[in-house]
Amino acid sequence: MASKVPAYEELNSEPDVASAPFVISVRDIVHRYDGRTALDGVSFAVHRAELFGLLGPNGSGKTTLFRILSTLMVPTGGEAVVMGFDAAKDPDALRRQIGVVFQAQSIDAKLTAYENLWHQGHLYGLHGRPLKSRIMEILARVGLADRAKERVETFSGGMQRRIELAKGLLHHPSVLLLDEPTTGLDPGARRDLWQYLRILRDQEQVSVIVTTHLMEEAERCDRLAILHEGKLVALGTPAELKHEIGGDVILIEAYNPESLADRIRIRFKVQVTVMDNKIRLERENGHHFITDVVEAFPGEIQAISVSKPTLEDVFIHRTGHRFWSEAQKAEPRTS
Amino acid sequence: MATQTTTMPGQITPATNGLLLPAFTLWWREIVRFYRQRSRVIGVIASPVLFWLVIGSGFGTSFRSGGAAGQEHYLDYFYPGALIMIVLFTSIFTMMSVIEDRKEGFLLSVLVAPVPRSSIVLGKVLGGTTLSTIQGLIFLVFAPLVGVHLSASDFLLVALTVFLVSFSLTALGFAIAWPMDSTQAFHAIINLFLIPLWLLSGALFPLAGASGWIRLLMRINPLTYGVEALRNLLHPASPAVFPLPASMATLVLFSLFMFSLAFVMVNRRTTKPAA
């Protein structure tokens, strides 16, 4: 280190990764357009080699956040810093650090797998022999080396996704951003993709940021940020988040849920909500509570269930809304 | 400081991204996509041929017998304008690919790459320019039919003119296509522009004979200078309104202006959804 005194500019242009443990830090991001607030003061940070999930129903702002992190959009307030580079001020330096896999297909169907990656490599300044060997390496990695010379339009959905992933990883990014990566994939291909993301995290120390609206995918992340109407409503590991519910989630179906909910509230002194004609409450030792409540109101209860809290319960707990209530109606992209 | 490289074994540190490599690869893709779509190849070759069959057999002879334009055959007069028309349509319509790229999601992956925005414009525009220049030159093969025999140097000048006209119009097409999200809207806008641009370029009737305000419009129409330059080169005997160097200089300026316009469009990083 002491042998060479680096120029001031050199010092300054290096991303400050060593001192800051965060690969991504998002501070108080606000995004408004057309009179709508898509993001309203969101802050969080992502560690190196972490599988980080952005969970939220459609319209929660996660796609806006994804676009800001991938430099496609400039936020109207706050800052997003990736590997030490500000997304608004230094987009080109940031772009070198990230690999991006979009929800929609971005590969050119008229080109072969090899040609798609060849094209992509050129955009990142790779060329010649190193590019060639890198393409074959990454194609082998996603298990498509033998199809290199075939046009992408002849590939199955799962194979096309793998080419998308190869495209995002070609230039060895430190951060991989994926927008709803499993959209349109069958369960087998989904499992493969997640397994591959874990390998990337463990073997190459890549930080992986995944947006998703699927609970079971969010469960697989190391940490999660849950978004609702542009606000961060929860941040932590899936286990931590579920732990805060404290106990079990009890759902009761009744002939007259509103009145029964009131009476349960008075009788047991608990917080009770009614959602979709079901009474919902959170309580420790749910199995004891079930017998108590059934005995207290005989004949009024049609069905009752007790379960361990899920991430959906976390969402309900924090927002007072069901995760799917609005989202399911407006979901044109997922088939 | 060395954290980045030590924790990323095998990281390929890209050299400073030049303008040319990304531009080359985008250009290459335009060409490959073109020849892999057979109908487009047929269209590019067949349309000049068809055009010639129609004007050569019907339109041409009827004017010729009338001899309305004095000694000059109308077909001779019409030839440079026809060449410009073919170039005009091909140039602008190749840039429909900008809208398709955006819709297909391909463009997004280019936009998040560390690529200078000018090389995106350069690559796409040169791709379209190449295709329409080729089409223009195919049309030129029929020049001997109207009694035009070009020397090698004149041919190069004609090719240069066709290139400049193609480049500027493709850049115009790019600038129009960039903010659009549907090809229908593109068609609507283009038709609004294209036909008047061509009609007022001296392709159909000469600048000299036009009346006051039409003449003014023709003078500010950059295409007029393309038609003039071609007429100069193809029919050196007929009187030209502008000298060749003036026409060529105007075309160069027009190209630069259109390229800058396209560049400005691409460089708008907004707070609106990008694509």
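Okay, so in chain A, 10 residues of domain 1 are in contact with 8 residues of domain 2, where contact means C-beta atoms, placed from the backbone, within 7 Å. On the domain 1 side, helix 8 (215-218), strand 9 (223-228), strand 10 (231-236) and helix 9 (238-243) each give two or more residues. Helices (H or I, at least four residues) and strands (E, at least two) are DSSP runs, numbered from the N terminus.

Quick housekeeping. This is a predicted model: local features need pLDDT of at least 70, side-chain atom pairs count only at pLDDT 80 or more, and totals for chains, interfaces and linings use all residues. Residues are numbered from 1 along each chain as its sequence is written, while chains are lettered from A and ligands numbered from 1 in the order written.

The domains themselves are 22-240 and 244-319, with bounds from an automatic or database domain assignment. Their centres, over C-alpha atoms, are 39 Å apart.

Now, helix 7 of chain A, residues 187-204. Which of its residues are buried? Leu193(A), Leu197(A) and Leu200(A); buried means 20 or more other C-beta atoms within 10 Å of the residue's own, exposed means 12 or fewer, partly exposed is in between, and C-beta atoms are placed from the backbone. The face turned away carries exposed residues, including Gln195(A) and Asp202(A).

Note on methods:
Two residues are in contact if their C-beta atoms, placed from the backbone, lie within 7 Å.
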